[in-house]
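Let's take a walk through a protein together, one piece at a time. Keep the picture open while you read, and look up each residue as it comes along.

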Amino acid sequence: MSGLHIWGRMSSINVKKVVWTAQELGLEFQRTEAGGLFGLVKTPDYMQLNPNSLVPVIEDEGYVLWESNVIVRYLCAKHSSGTLYPEDLQQRFDAERWMDWQQTTVNPASRPGFWQLVRTPPEQRNTAVVAESNLAVESLMATLDAHLAAHDYMVGERFSMADIPLACEAHRWFGLPQPRTARPNVERWFADISARQTSKGVLDLPLS
Ligand SMILES: N[C@@H](CCC(=O)N[C@@H](CS)C(=O)NCC(=O)O)C(=O)O
């Protein structure tokens, strides 16, 4: 298979990152629905691609890669070194740091609330889980807001690979049907990024 192929359903935050990155880079790609109700991830053929049975996975000219933020890094390094993928070592690792923060700190805090409010029938919701998740994410959004008070984007003064996972996380946060503390800097940054043509079909999707 030639060109870029992405496996994953668009309701996944991790698939959204990869699709947006490909669009941001102007890459032609094919996408196969996989995961959730689409299944496929437990088939032997899919598990050859990703033994974790998770989405997303990409195949790029025969090269197979899984782990969403790593895929974002790979595509940006390949196609946008010095722009989306910062060339300066410290700027690059600033970007890496925020991307890891999204994956290892923000997402574990946001996921329980998201699952309760979006993927659990109202009569089965656990309000304690929602409250705990909300409290944890509020504190992380305060951190993000303080960072964005001093910066236009996550790293330096221009859009980079680091903005993609965090904006997908902000999309989830702003889409949850619950009260939120106003975060003017996160809101300004998210509005700016959501206006990018390349984020269409990703940041304008309702949560599901
Ligand atoms: N750390 C992995 C996590 C991947 C992951 O948890 N994917 C979820 C969707 S967000 C998944 O595949 N769930 C099972 C399914 O969709 O069938 C990544 O960032 O790619």
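Before anything else, you need one rule: two residues are in contact if their C-beta atoms, placed from the backbone, lie within 7 Å. What you're looking at is a predicted model, where local features need pLDDT of at least 70, side-chain atom pairs count only at pLDDT 80 or more, and totals for chains, interfaces and linings use all residues. Residues are numbered from 1 along each chain as its sequence is written.

Start at Ser-11. Leaving aside neighbours within four places in sequence, Ser-11 is in contact with Gly-36 and Ser-208. Ser-208 is 197 residues away along the chain, yet the C-alpha atoms of Ser-11 and Ser-208 are separated by 5.6 Å. Ser-11 itself sits in the loop between strand 1 (4-7) and helix 1. Ser-11 counts as partly exposed because it has 18 C-beta neighbours inside 10 Å.

Now for the ligand. The residues around it include Ser-12, Ile-13, Asn-14, Gly-35, Gly-36, Glu-67, Ser-68 and Asn-69, where a residue is near a molecule if its C-beta atom, placed from the backbone, lies within 6 Å of it. Helix 1 (13-24) and helix 3 (68-79) are the elements that give two or more residues to this shell. Sorted by class, the shell has five nonpolar, six polar and one charged residue. Here Ala, Val, Leu, Ile, Met, Phe, Trp, Tyr, Cys and Pro count as nonpolar, Asp, Glu, Lys and Arg as charged, and the others, Gly among them, as polar.

Follow helix 1 next. Nine of its twelve residues are buried, so to speak mostly covered, and among them are Asn-14, Val-15 and Trp-20. The buried residues of helix 1 pack against strand 1, strand 2 (29-32), strand 3, helix 3 and helix 6. As for helix 3, its buried residues include Ser-68, Asn-69 and Ile-71, and helix 1, strand 3, strand 4 (63-66), helix 4 and helix 6 are included in what covers them.

Zoom out and you find domain 1 (4-79) and domain 2 (89-197), with bounds that come from an automatic or database domain assignment. Their C-alpha centres lie 21 Å apart. Where they touch, nine residues of domain 1 are in contact with seven residues of domain 2. Helix 1 gives the largest share of domain 1's side, five residues.

Finally, look inside. A nonpolar core is a set of buried Ala, Val, Leu, Ile, Met, Phe, Trp, Tyr and Cys residues joined through C-beta atoms within 7 Å. The largest one here has 44 residues, and Trp-98, Met-161, Ala-162 and Ala-167 touch the most other members. Helix 6 (163-175) is among the elements that give two or more residues to this core, and helix 6 gives the most, with six. The core draws at least three residues from each of domain 1 and domain 2. Leaving aside neighbours within four places in sequence, Ala-167 is in contact with Phe-190, Ile-193 and Leu-203.

Note on methods:
Helix = DSSP H or I, 4+ residues; strand = E, 2+ residues; numbered from the N terminus. Buried ≥ 20, exposed ≤ 12 C-beta atoms within 10 Å, placed from the backbone.
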